[in-house]
Amino acid sequence: MKAFARVMALILAVSFAGAVRAQPPAAAAPNWVEGRNYVLVARPQATNLPRGKVLVTEVFSYGCPACNQFRPYMQKLVKSLPPNAVVDYVPASFNPSEDWPMFQLAYVTAQNLGIADRTHEAMYDAVWTTGELATTDAGANTLKSHMPSIEDAARFYQKQTGVPAAKFLETSKSFGVDTAVRHDEDLMKAYAIDRTPTVIVNGKYRVTVQEAGGPTQMLDLVSFLVHKESQ
């Protein structure tokens, strides 16, 4: 009986060891390195949010093809962030050849009118899907000789929201919009933005797709930094 028990114990031990070896190893958590995967900006900016809230800012342009490709990842990020995270958007203007200053003005005007959030995805579609506000000629992959104007954008917003184009244009020339555009330009200088899309976490950490290692890794890194700032 003792011999039989020893044999059974040996069989069970071998079986257990085999089962342990058969299990896949746990995925190692990424070892994010400041200065390589993300940057602590030289001039951190106050977010003016209540204590405990963390601001996540995407710097983008509707005229940026990389931003358009990043859209599903940004949508996924927004849905996955914890309740204390607040998402906002800053439109870039540093590529005038692709009409970015006009798209910046259009977004800030829409913000001022309170319609930016519900037209954000539609604006991307107008540039890259329907072509209503396209900056390139279909099929030729070349920039248009006549880029979409703020008047074109105003008509688009009217169709989307009912805000009269005349009111949109009047608002685009207002002091409030001009001040907001200047503020966004100051933010981009403070954050040393040189590409889009770029994500800023809590006014202090700059993250790009390239430095993170890819769009999926970028989402993980942003989530890591949000958690870091939430502690």
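Predicted model: local features only at pLDDT ≥ 70, side-chain atom pairs only at ≥ 80, totals over all residues.

Biologist: OK, so is Tyr205 buried or exposed?

Modeller: Tyr205 is at 6% relative accessibility, so it counts as buried.

Biologist: And Tyr38, buried or exposed?

Modeller: Tyr38 counts as buried because its relative accessibility is 4%.

Biologist: How are the rings of Tyr38 and Tyr205 arranged?

Modeller: Their centres are 5.6 Å apart and the planes sit at 80°, so that's an edge-to-face pair. Tyr38 is in the loop between helix H1 (2–22) and strand S1 (39–40), while Tyr205 is in strand S5 (residues 205–208), so the pair ties together parts 167 residues apart in sequence.

Biologist: How many aromatic pairs does the structure hold?

Modeller: Twelve aromatic pairs. There's also a cluster linked by ring pairs: Phe60, Tyr62, Tyr89, Phe103, Tyr107 and Tyr124.

Biologist: Switching to strands. What stands opposite Tyr205?

Modeller: Val201, in S4. S4 and S5 run antiparallel, joined by four bridges. They form a hairpin with three residues between them, and Asn202 in the turn has a positive phi of about 60°.

Biologist: Which strand pairs with S4 besides that one?

Modeller: Strand S2 (residues 54–60), again antiparallel and with four bridges to S4. There, Val59 stands opposite Thr198.

Biologist: Which way do the S4 side chains point?

Modeller: Thr198 and Ile200 point one way, Val199 and Val201 the other, and all are buried. In a regular strand, side chains alternate between the two faces of the sheet.

Note on methods. Residues numbered from 1 in each chain as written. Heavy atoms only, no water. Phe/Tyr/Trp six-rings, centres within 6.5 Å; stacked < 30°, edge-to-face > 60°. Helix = DSSP H or I, 4+ residues; strand = E, 2+ residues; numbered from the N terminus. Buried < 20%, exposed > 50% of the residue type's maximum accessible area, 1.4 Å probe, protein only. Pairing = 2+ DSSP bridges.
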